[in-house]
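Welcome! Open the viewer, get your selection tool ready, and follow along one stop at a time.

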Amino acid sequence: MSGVRVLVGTRKGAFTLESDGKREKWEVNGPHFGGWEIYHLKGSPADPDRLYASQSTGWFGQLIQRSSDGGKTWEPVGNKFVYDGVPGTHQWYDGTPHPWEFKRVWHLEPSLNDPDHVYAGVEDAAIFQTTDGGQNWAEMPGLRGHGSGSKWTPGAGGLGLHTIVIDASNQKRMFIAISAAGAFRTDDGGATWKPINQGLRSQHIPDPTAEVGHCVHRIAMHKSRPDTLFMQKHWDVMRTDDAGESWREISGNLPTDFGFVVDVHAHDPETIYVVPIKSDSEHFPPDGKLRVYRSKSGGEEWEALTKGLPQQNCYVNVLRDAMAVDSMDACGVYFGTTGGQVYASKDGGDSWTAIMRDLPAVLSVEVQTLK
Amino acid sequence: MIRVILPWHLRNLARVDSEVMLDVSGQITQRTVLDALENEYPVLRGTIRDHVTAKRRPFLRFFACEEDLSHELPDAPLPDAVAKGAEPFMVVGAIAGG
């Protein structure tokens, strides 16, 4: 019997929500790791019972937890993240050099075919990997070794590598994004990386079209179109159809093109979702109305999706890792808010229901479609 | 035996209910106590001291005998009362969390 499992990371613990294919009744499991920040948890595409979670606090640092039973039980695995060689410096907020310091894991991306192989995006920005189920982690030094690292600057939340997208048709090709450095691509399994920011414009850097320095918030891909990526940048919603060689803006009629999340419908690679946020000075929805915007044309033309979402006095945010889709016949869309709600749509966004509310601030939402 | 009191989150991680009792050989110092603690409970590696520098994490303090030992050298002897097991060595999270 098919079903859906939603993995929710919050400021104070992790939760899993499970439902059958109807997606009407949800069984809540958690909190796991109560009191800890769970930046992200994600399941292995190769083994849906294998989950990984990033657990951290400022007091006790970083832990990685692993589950082999779909989140019912967990065990801590390796938590030693050490940069390769001499870490060097990146730019601090004021432009001065600042030493690279490991702070936390923002994002865990299990490989597509090996549950023991996982990539980790960390702050200060770097990518690590494990091939033994999380016991040992090693930096993939080619990314920071690209040579532009000294120009990377933290965003408000830190210098985090928050997005890792693997090309299912060619797993040596991956895309990552860093706030605030930009997007990068590898074509050789992570040995070397190149910045892919041509076409981005960012007013917060001296040269708005510089090779690096862009605050990319999220990148999404449909697995059937690996050369097409959608990006929610700090400001601007962008699209590339040549694997990042060039980007063009597709913000169109959005009420604001600031935001954090972007995702793609499971069955229609031209249907995409964003949640516009008023501005980087006011991190809440415009007019107090929580609206998901959907484009069925790959951008430019957007429609507001409001049914079931609060349309007055709503001042939550939706953070960059807090939207996901399932792959049921009628695609489900899910997102979590800093107000502790997890909203779900089982009709591609036409209508929404809060399947969980009053959680701690939601940092991440992932979805597993269970066969 | 050396007595160690951990903050709530680390007791949960180590799956201990109360004080930890450690058999520490040689001189009783912060380093030898924490080395013994991490050997007994490997899950605590990196949560009290940095993996690489072995420095105390900045939001943690070390107390014993009603004194703040956080800034003592890691190889300095701990008070006799700790070495004899009369008083615990306490790992304390900074206020407002932990």
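Start by selecting residues 174-179 and 182-186 of chain A: these are strands E15(A) and E16(A), which pair in the antiparallel sense over 5 bridges. Keep in mind that you are looking at a predicted model. Now find the turn between the two strands: a hairpin of 2 residues joins E15(A) to E16(A). To see one pairing up close, pick Ile176(A) and look for its bridge partner in E16(A), which is Phe184(A).

Next, show the side chains of E15(A). Which residues point one way from E15(A), and which the other way? Met174(A), Ile176(A) and Ile178(A) go one way, while Phe175(A), Ala177(A) and Ser179(A) go the other. In a regular strand, side chains alternate between the two faces of the sheet. Is E15(A) mostly covered or mostly open? It is mostly covered, with 6 of its 6 residues buried.

Click on Gly160(A) and you will find Ser179(A) as its bridge partner in E15(A). Then click on Ile166(A), which stands opposite Met174(A). Because 7 of the 7 residues of E14(A) are buried, this strand is largely enclosed by the rest of the structure.

For the last stop, colour the model by chain and go to where chain A touches chain B. How many residues does each chain bring to the contact? Chain A gives 10 residues and chain B gives 15 residues. On the chain A side, these residues divide into 4 nonpolar, 5 polar and 1 charged.

Note on methods: Residues numbered from 1 in each chain as written. Chains lettered and ligands numbered in written order. Predicted model: local features only at pLDDT ≥ 70, side-chain atom pairs only at ≥ 80, totals over all residues. Contact = placed C-beta atoms within 7 Å. Nonpolar A, V, L, I, M, F, W, Y, C, P; charged D, E, K, R; others polar. Buried ≥ 20, exposed ≤ 12 C-beta atoms within 10 Å, placed from the backbone. Helix = DSSP H or I, 4+ residues; strand = E, 2+ residues; numbered from the N terminus. Pairing = 2+ DSSP bridges.
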